[in-house]
Amino acid sequence: TLIVGGVLRNFESNAKLGNGDYLVVEADEYDRSFLSLHPTISVITNIESDRTGSAQGRWQDFIVAAEVVISNPLIGVGIGNDMIALNEQRGQETWRSVHNAYLQYAVDLGLPGLFLFVWLHVLCFRTARAVERRAAKEPALQRLAYLAAGIQISLAAFFVAAMFHPIAYQFYFFTIAGLAGALKNSCRAEAGVQARGARESL
C-alpha cells in the first residue's frame, strides 16, 4: 500500500491499496504532519531536511575530501592520514573520516591508488563470474558455482556499502578478494583432477 503527494501515472491516483504488510508514505515538512509518523524505515531525499545534521555533515565531508584529492591527485596525503588532511582542509579538528571508502583511498593514495583498488574490485568480480560460467558448462564444477555467485553478491554489496562507510582498510573487501583468489585456484585444481581422471579412463 502506498500514499504519495502527487498523482502517479501508473495508477492515476496518489494512493494504491496493496496486499502486503507494508505501507509506503511520502511525507514532507509542509505542515509538520510527518512528525506524527513513526516509520520503521525512513529515507531522506533532501539533505537540508535532515534535522540531525548527519546528512549535511557527510555531504560537507564529501566536498572537503574531493578538495583534498584535487590538491594531491598523484600521491595523496599518505596511507592512514585522511583524517589529518581533512582536519587541515576544514580548518578545525573533528577527527572524522569521510564516509566513503573510495574517497578514503583517493585522499590517502591519490587517484592511482583509487584506480588500483577499483581495478582489483573489478578483477575479483570478473574472476568469480568466469568460474560461475565455467561451472555452468562443466557439471563437475557445479559446487563452485554457488561460491562464485556468493562472491559476486558480496562484492556488489561491498560496492554499495563502501559509498557510505569509511571501511577502506577494514577486512571486508580483503576477505572477499581472498575468497575470489581461492575460488580461482580451486577451479583450476578441480579441473585438473577431472582432466587427469578422464585421461586415466582412456
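Tutor: Start with helix 2, whose buried residues are Asp 82, Ala 85, Leu 86, Asn 87 and Arg 90. Keep in mind that this is a predicted model. Helix 2 covers residues 82-90. Its buried residues pack against helix 1 and helix 3.

Take the contact with helix 1 now. Helix 1 spans residues 54-71. The axes of helix 1 and helix 2 come within 9 Å. They cross at roughly 100 degrees. An angle from 65 to 115 degrees counts as roughly perpendicular. Helix 1 and helix 2 are therefore roughly perpendicular to each other.

Which residues make this contact? On the helix 1 side they are Asp 61, Val 64, Ala 65, Glu 67 and Val 68. On the helix 2 side they are Ala 85, Leu 86, Gln 89 and Arg 90. By class, the contact holds five nonpolar residues, one polar residue and three charged ones. Ala 85, Leu 86 and Arg 90 from this set are also listed among the buried residues of helix 2.

Two of the contact residues pair up. Asp 61 and Arg 90 join their side chains in a salt bridge, with N to O at 3.0 Å. Asp 61 sits in helix 1 and Arg 90 in helix 2, so the bridge ties together parts that are 29 residues apart in sequence. Side chains of opposite charge can pair when their charged atoms come close.

Is this pair buried or exposed? Asp 61 is buried, at a relative accessible area of 2%. Arg 90 is buried as well, at 17%. The cut-off for buried is under 20%. The pair does not stand alone. Salt bridges that share partners join Asp 61, Arg 90 and Arg 96 into one network.

Now go past the end of helix 2. Gly 91 follows the helix, and its phi is positive, near 85 degrees. Further on comes the loop between helix 2 and helix 3, which contains Trp 95. Phi of Trp 95 is near 50 degrees, a positive value in a residue other than glycine. Most residues other than glycine have a negative phi. Trp 95 counts as partly exposed, at 49% relative accessibility.

The loop between helix 2 and helix 3 also holds Asn 100. Asn 100 counts as buried, at 6% relative accessibility. What does Asn 100 touch, leaving out residues up to four places away in sequence? Its contacts are Phe 62, Ala 162, Met 163, His 165 and Pro 166.

Helix 3 comes next, covering residues 101-137. It carries a salt bridge between Arg 129 and Glu 132, whose closest N and O atoms are 2.7 Å apart. The two residues are three residues apart in helix 3, so about one helical turn separates them. An α-helix has 3.6 residues a turn, so residues three or four places apart point the same way. Arg 129 is partly exposed, with a relative accessible area of 32%.

Another salt bridge links the side chains of Arg 134 and Glu 138, again given as N to O, at 3.0 Å. Arg 134 is partly exposed, at 35%. Glu 138 is partly exposed too, at 30%. The structure holds five salt bridges.

Step back to the whole protein. Its secondary structure comes to five helices and three strands. From the N terminus on, the order is β-β-β-α-α-α-α-α. The protein has 202 residues, of which 27% count as buried. Take contacts between residues at least 6 apart in sequence: 55% of them join residues at least 24 apart. The accessible surface comes to about 13900 Å². Carbon and sulfur atoms account for 60% of that surface.

Glu 12 is in the loop between strand 1 (2-8) and strand 2 (13-16). Its phi is near 55 degrees, a positive value in a residue other than glycine. Glu 12 counts as exposed, at 70% relative accessibility, whereas Trp 95 counts as partly exposed.

Terms used. Residues numbered from 1 in each chain as written. Predicted model: local features only at pLDDT ≥ 70, side-chain atom pairs only at ≥ 80, totals over all residues. Heavy atoms only, no water. Salt bridge = Lys/Arg side-chain N within 4 Å of Asp/Glu carboxyl O. Helix = DSSP H or I, 4+ residues; strand = E, 2+ residues; numbered from the N terminus. Buried < 20%, exposed > 50% of the residue type's maximum accessible area, 1.4 Å probe, protein only. Axes fitted to C-alpha atoms, helices over the stretch in contact; angles between N-to-C directions. Parallel < 35°, antiparallel > 145°, perpendicular 65-115°, else oblique. Contact = heavy atoms within 4.5 Å. Nonpolar A, V, L, I, M, F, W, Y, C, P; charged D, E, K, R; others polar. Areas by Shrake-Rupley, 256 points an atom, 1.4 Å probe, with all protein chains shown as cover.
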